[in-house]
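Please write a short report on the model below.

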Amino acid sequence: MRRYIAVRVASLLPILFGVSLLVFAMQALVPGDIVDIMMGGDQAFGDRNAEARLRQQLNLDRSAPERYALWLGGMLRGDLGTSFVSGKPVLGEILRRLPVNLELAFLAIAMALCLGIPIGTLSAVRRDTWTDAGIRFGSVLGYSVPNFWVATLTVLAGSRLWPGMPILQHVAFTEDPWRNLTLMVIPSFVLSLTVLPLIVRMTRASVLENLRLDYVRTARSKGLPERRVIYRHVLANSLIAVLNVTGVQIGVLIGGLVLTEEIFILPGIGRLLLESIQKRDFPVITGATLFLATAFVTINLAVDLLHGVLDPRVRR
Amino acid sequence: MASSTPGSVADPVAATAALAGTPGPARPWGGRRISRQIWRRKTAAVGLALATVVLVGAVLAPWLSPADPVAMTAQRFATPSAQAWLGTDQFGRDLLSRLLHGARVSMLVSFAAVGLAALIGGTVGLCAGYFEGRVDLLLMRGVDVLMAFPTLLLALAVVATLGGSLRNLILAITLAYIPIFSRVVRGSTLSVKQSEFVDASRALGARDGRIMLRAILPNVLAPVIVQATFNLSTAIMIEAALSFLGLGVQPPAASWGSMLSEARNFMELDPWLAVAPGGAITMAVLGFNLFGDGLRDVLDPRLAGER
């Protein structure tokens, strides 16, 4: 087991190296000159000295490999650069907004699992009935509806039908936990709809697959009540597959976070990324992209490892 | 990086990869049999119908549109009438015409991006699976790096650096989809390569290129087609999301995502403006999803039992 973990963690390193190379290359591909973009809105525009100073500050007078080495060195020391706009360290800005993302993501996944597993199980147990057909159609429809449309309509419904609906505000959890939760419930629920349909489908498929296996026949023939067979035996074995699909869906969730934060005006990393794109604040764009990609691969690895712990067959 | 569960309905990559097991030098599917079987599945037929409506609307938009999609009139926020079937928007532009031209952008971007990604990713996967060894290692490491980004994030990063335009949208989505096709084709190639007809072809003196194109490629096409259908639907979604964020086709050109985004400012006045473009996106995505489901059921008998 320890060897398995070591191998998997080590396999992450070349990927992260490649990710950093790609993000750096994107920055280098920005059309036009970064200094021109930065100086564009500045009073010092046209001031050659200021431009030269800036170039030196940004290491633009050095070659690309040198710049990459310096940039990567900074990353490894936790220095993601400084924002062009606010002048603050990028990592600090990201970490300041991280709690919003963590809360949204956690609530969304929790809601999706709490709803998805029972619904999926129901669909499997009632296979080929109207209930099953309805649930299956609902899940196909669910992942065909754009989440940012649902979010937009939720905001619209809020303003039209329920003027007091607690949306489009944000209070930090540390400030007022109860108010924070009431404000986060609706955005989290909308976000959970991005992953719910696949969790339902996966649970259904996995339960059906397990129901066919020999151990179910054994459990039934030794006289266990059906309820116990389903909940204690089948569901427990199906959950590994559900765990897996949840891991894969983290990517969808991260994409969804960006849109959810934009629509519900929540101060998370997604909004930070969008704001910095509008202001062409490249250190923040690259920093946030790198941060989210790293978080994504790390979570995926954690899910894989958890899978290995729960299911010894995976370890090989 | 992302782990996949073999046999899961939710994982088209794994599900379609299994198709590669279908051996035989001939095409593993016959067009007529498939169309009959798909037709038999009502949901797939509904999906095909929806997708066709969107496609026809997109292709014929210049001729079907009752008005110029960017021409402003004094008739602002008009309700549906005989002149403007779906009403007009905040600038008095005809909503139906804008939806049709939005379909054009959506279809152009998704088909171009998925086609390019299938071409590039397929080539990468074919080479990686056929040559194995160092080539495989190198190519798949590159693919792993692209896989390390959530799809929307990668596309977002590309348009953020290069700027929003039709070409960059296609480029962004292509880049995000290359890894999926590489993996599908590589997996299929690895197993098709074991077939006797590949050995036979080699024994007859065929070169690598010929074996890859004539013996292996026809046998890995089925999973690619299924994967492409699903990716069309997600590409529609990504295009709409990027345009919604203002990073897609620039105004006044119509795109479903930007129409929805603009409507947010006026939706208390006229909710219909926010409802219509979202409905169009849903219709298109649902169409390709349902069709893809049917296609996979037909092309992958292994999963048929789970229906």
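Chain A has 13 helices and 0 strands. Helices (H or I, at least four residues) and strands (E, at least two) are DSSP runs, numbered from the N terminus. Along the sequence, the pattern of chain A reads α-α-α-α-α-α-α-α-α-α-α-α-α. This is a predicted model, in which local features need pLDDT of at least 70, side-chain atom pairs count only at pLDDT 80 or more, and totals for chains, interfaces and linings use all residues. Residues are numbered from 1 along each chain as its sequence is written, while chains are lettered from A and ligands numbered from 1 in the order in which they are written.

The C-alpha trace of chain A spans about 85 × 55 × 35 Å along its principal axes. Of the 316 residues in chain A, 36% are buried. Buried takes 20 or more other C-beta atoms within 10 Å of a residue's own, exposed 12 or fewer, and partly exposed lies in between; the C-beta atoms are placed from the backbone. Two residues are in contact if their C-beta atoms, placed from the backbone, lie within 7 Å. Among contacts in chain A with a separation of 6 or more, 73% join residues 24 or more positions apart.

Next, a helix pair. The axes of α5(A) (residues 90-125) and α11(A) (residues 226-264) come within 9 Å and cross at roughly 140°. That makes α5(A) oblique to α11(A). Angles under 35 degrees count as roughly parallel, over 145 as roughly antiparallel, 65 to 115 as roughly perpendicular and the rest as oblique. Axes are lines fitted to C-alpha atoms, for helices over the stretch in contact, and angles run from 0 to 180 degrees between N-to-C directions. Residues of α5(A) that meet α11(A) include Leu104(A), Ala108(A) and Ile117(A). On the α11(A) side, Val242(A) and Leu253(A) are among them.

Now the chain contact. Chain A gives 50 residues and chain B gives 42 residues. On the side of chain A that touches chain B, α11(A) supplies the largest share, 11 residues.

The table sorts two contact regions by class. Ala, Val, Leu, Ile, Met, Phe, Trp, Tyr, Cys and Pro count as nonpolar, Asp, Glu, Lys and Arg as charged, and the others, Gly among them, as polar.

| Region | Nonpolar | Polar | Charged |
|---|---|---|---|
| α5(A) with α11(A) | 11 residues | 4 residues | no residues |
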